[in-house]
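Open the structure in your viewer and keep the selection tool at hand. This tour goes from one selection to the next and says what is found at each stop.

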Amino acid sequence: NDIRNDIPIHKKTNLRQRLPQCLIIGVKKAGTGAMVQYLKMHPDVVIADGELNFFDYERNYQQGFEYYKKLMPPSYEGQITMEKTSNYFHNKDTEWRVYNMNSSMKMILLVREPIARTVSDYLQRKLKDKVTKELTPPFEELIIRQKNGRINEGYPGIRPSFYYKHMLRWLKYFPLSQIHIVDGDNLVQNPFEEVHAVEKFLGLPHFITQDRFVFSDQKGFYCMSIDGYNGTRQEQCLSRGKGRKHPDIDEGVMEMLTDLFRPLNQQFYKLIGRKFDW
Ligand code: A3P
């Protein structure tokens, strides 16, 4: 039962660059790109292009908040400025830097079943290796330590999946009420539901209706129905790099990963007062 509210809250006054009031902090490979594209459909949201890595790169942060503001798109009074860098969540020091800039910052964190997220991270890294002409070993070889046959927790691709550990850091600075958690797996199945919850979290009038999401059999994911010329709608999907086919992972390795993540996931649920089915 969608009550369409086309009237944006901004009144097209006072156009200027503003610091973000909301950050999408990660976690990488949980659907952060999809969330950005979806939220861009909202007339009261402006989002910086690309990932700015302002809070996680010391040298960027040291350029100061005026420098950061100049990287923001112009916005009208009442519009929300956002920035997404999917590396913010799992990198240390980002949380206090964000707090330093704005202690009432709103954060959006997407999470996804952590093993699938790790595999997705691996595939992303593999692609980068291809660019540098490096040969990437199979997932199993990288995730298992050769010397003891145990999970290699130092593999950079697994680190972001330790949600509990990273969340603890953020909660030292921000109350849970300022961090909206998006179920990345549900975002794939039911994008409308998750985007609607984000609209509510941000206090935005409801604009992104169910009919904006159209499932593409070809892509195997939802695509967007966006406003085109003369009141027409155009279908727009995410780029080819989003929604990759995952390889089958060795069963023994899957079991070890499941055992590793199980207690950590439980701790994470406890910390955020919410359960997922992983
Ligand atoms: P996979 O490529 O592993 O399937 P991020 O943008 O944070 O890098 O996340 C990428 C993930 O977004 C993809 O991981 C995919 O599962 C997920 N995703 C969610 N909605 C999507 C959509 N509409 N189209 C493509 N990928 C989507």
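This is a predicted model: local features need pLDDT of at least 70, side-chain atom pairs count only at pLDDT 80 or more; totals for chains, interfaces and linings use all residues.

Select Lys 29 to begin. An unreviewed UniProt entry annotates Lys 29 as "active site". Lys 29 sits in the loop that runs between strand E2 (22-26) and helix H1 (32-39). Is Lys 29 buried or exposed? Lys 29 has 25 C-beta neighbours inside 10 Å, so Lys 29 counts as buried. Leaving out residues up to four places away in sequence, show what Lys 29 touches: Arg 112, Arg 117, Ser 120, Asp 121 and Gln 124.

Next, select Met 35 and Leu 109. In the largest nonpolar core, which has 43 residues, these two touch the most other members. Elements giving two or more residues to this core include E2, H1, strand E5 (80-84), strand E6 (106-111) and helix H9 (191-201). Now look around Met 35: with residues up to four places away in sequence not counted, Met 35 touches Ile 24, Ile 108, Leu 110, Val 182 and Leu 187. Another core, of eight residues, lies apart from the largest one, with Ile 115, Tyr 122, Ile 143 and Leu 257 among them.

Last, select helix H7 (residues 163-171) and helix H10 (residues 251-272). Their axes are 8 Å apart and the helices pack at an angle of about 30 degrees, so H7 is roughly parallel to H10. To see the contact, show residues including Tyr 163, Met 167 and Leu 171 of H7, and Leu 264, Phe 268 and Ile 272 of H10. By class, the contact of H7 with H10 has nine nonpolar residues, one polar and no charged.

Definitions and conventions: Residues are numbered from 1 along each chain as its sequence is written. UniProt positions are given in the numbering used here, feature names are shortened, and annotations may be inferred rather than shown by experiment. Helices (H or I, at least four residues) and strands (E, at least two) are DSSP runs, numbered from the N terminus. A residue is buried if 20 or more other C-beta atoms lie within 10 Å of its own, exposed if 12 or fewer, and partly exposed in between; C-beta atoms are placed from the backbone. Two residues are in contact if their C-beta atoms, placed from the backbone, lie within 7 Å. Axes are lines fitted to C-alpha atoms, for helices over the stretch in contact, and angles run from 0 to 180 degrees between N-to-C directions. Angles under 35 degrees count as roughly parallel, over 145 as roughly antiparallel, 65 to 115 as roughly perpendicular and the rest as oblique. Ala, Val, Leu, Ile, Met, Phe, Trp, Tyr, Cys and Pro count as nonpolar, Asp, Glu, Lys and Arg as charged, and the others, Gly among them, as polar. A nonpolar core is a set of buried Ala, Val, Leu, Ile, Met, Phe, Trp, Tyr and Cys residues joined through C-beta atoms within 7 Å.
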